[in-house]
Amino acid sequence: MGAKLKVAGWVALGAMAGVLTTMQLQANARSTAVPLPLEELQQLAAVFGIVKSDYVETVDEKKLINDAISGMVSGLDPHSQFFDKKSFKEFRESTSGRFVGVGIEIGMEDGLVKIVSPIEGSPAFRAGLKSGDLISKIDDTAVKGLTLDQAVKRMRGEPATKVTLSIYRKSESRTFPITITREEIRVQSVRAKLVEPGYAWVRVSQFQDRTVEDFTQKVADLYKQDPKIKGVVLDLRNDPGGLLEGAVAISAAFLPKDVEVVSTNGQMAESKASYRANPDFYARRGSGDPLRKLPEALKNVPLVVLVNEGSASASEIVAGALQDHKRATVMGAQTFGKGSVQTVRQLSPDTAVKLTTARYYTPSGRSIQAMGIVPDVPVDETAEGNVFAELRMREADLEKHLSGTDEKADDARVKELEKLREERRQKLEAEYAKRGEPLKPLPEFGSNEDFPLQQALNQLKGKPVAVSKTAVERKAEAKTSKE
């Protein structure tokens, strides 16, 4: 995909990809009574021996074994994964919302890293970095040519170490270096504000350890500012998911007590479960109900949920539950379609395996796998229509994704989708080249230029909404029923 149209979601440094995870960390993997295939195991041992003795260079035995485990797990579906020491550490940091870095939320613009927002109180915030600043170099490495993930890794590091960033500030037409000392950062996964009198915007960018506590505090603060809030926009756009209990809790904040939020079903007995809007299903042991400080008015306030193609997993659970219970109007674009549960099982103090163990279902019994949540009111990204939306990949585009009938995705279909996406990219670039203007990045979520947010506010006020000109529902490969 051309550099002009590489779309990266606004992420905090250290944020993980979409995952609905239940954390079940155990010392050993689950035992099984299924007999082992001896002939295939002998072949595995034989290949191990051949590689050790015949490969052109000496290969580390531990690396060979780890690669074999990784291949076995990653061959199942796009979301199952083996964590070695390094990747397991990064995974735990991402779910905790804590990492060591400079403390900025970033995206990409014209091949450079764009600072969406410095995290309040972080080293970057104290150093005076501003929203809209562009990073052209990280130490001695030019950012042009790096992916967003590569740039993230270069800015992260050990506590008390330094990193020098070359900053281009458009408003001042100057480039300058700034040296920042890395420290542990706590990511704010919840942002909230009164966008205008009587109307609140609450954004959840990821479901992490402290998301529920942060949500409760920020919403309570909004009601202190305006006890008579007339409408709330819950913004889940580009929210890749996270922890299951967080999704259940955020749903419970708006729903009547004890109604079902989501159910799961899989091969294991414990994967067959129903999660309800009750502290028993989301509160941590001994901590009480984290939602107890929320005003009662939140249960009945008019609500719009904003979603897009980047809304996945846990965010789809919230949107699906609120939609099924007719508690909210869901607006935006059809979501990513990740309807599976991953369970993390620890193999050693430093390694683990993340395995898909169940599918999840909305309260009405809908499976979202490879389908996603279809909004009640489709809304384009901008007043002119969708620019980036049709280029974003969804679960149904991923090779080896689970379908509704447990069949593997057809490779030819995946290649055809990639071909179509490339044709659309070239067409868009040609259109903008003909106009003689560059592709403009989308406005920041929550800003005055945020077109879907303005439509959500219109919906809450009973004003006309600019419904999508281009939305076409994307079907899953096969319909499913709850087992």
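1. Start with the largest nonpolar core: 48 residues, with Phe215, Leu234, Phe254, Leu298, Val305 and Leu322 making the most contacts inside it. By "nonpolar core" I mean a set of buried Ala, Val, Leu, Ile, Met, Phe, Trp, Tyr and Cys residues joined through side-chain atoms within 4.5 Å. "Buried" is under 20% relative accessible area, "exposed" is over 50%, and "partly exposed" is in between (1.4 Å probe, protein chains only). Among the elements that each supply at least two residues are α6 (211–225), α7 (244–254), β16 (260–265) and β21 (351–361). The top contributor is α7, with eight residues. Helices (H or I, at least four residues) and strands (E, at least two) are DSSP runs, numbered from the N terminus.

2. A word on provenance: this is a predicted model, where local features need pLDDT of at least 70 and side-chain atom pairs count only at pLDDT 80 or more, while totals for chains, interfaces and linings use all residues. Residues are numbered from 1 along each chain as its sequence is written, and side-chain values use heavy atoms, with hydrogens and water left out.

3. Take a look at Phe254. Leaving out residues up to four places away in sequence, Phe254 touches Phe215, Leu234, Leu298, Lys299, Leu303, Leu322 and Arg327, with contact meaning heavy atoms within 4.5 Å. Apart from this core lies another, of 22 residues, including Ile104, Ile138, Leu148 and Ala151.

4. Now β21. This strand is largely enclosed by the rest of the structure, because 10 of its 11 residues are buried. Strand β20 (residues 340–348) pairs with β21 in the antiparallel sense over eight bridges, and a hairpin joins the two through two residues. Thr343 stands opposite Leu355 of β21. Pairing here requires that DSSP finds at least two bridges between the strands.

5. Two other strands also pair with β21. Strand β3 (residues 81–83) runs antiparallel to β21 and is joined to it by three bridges, with Phe83 partnering Ala352. Three bridges also link β16 and β21 in the antiparallel sense; here Thr264 stands opposite Tyr360.

6. Glu309 may be worth a click. This residue lies in the loop between β18 and α8, and is buried, with a relative accessible area of 10%. Glu309 and Thr335 are 26 residues apart in sequence, yet 4.4 Å apart in space, C-alpha to C-alpha.

7. Last, Leu41. Its place is in helix α1 (residues 38–54), and at 38% relative accessibility it counts as partly exposed.
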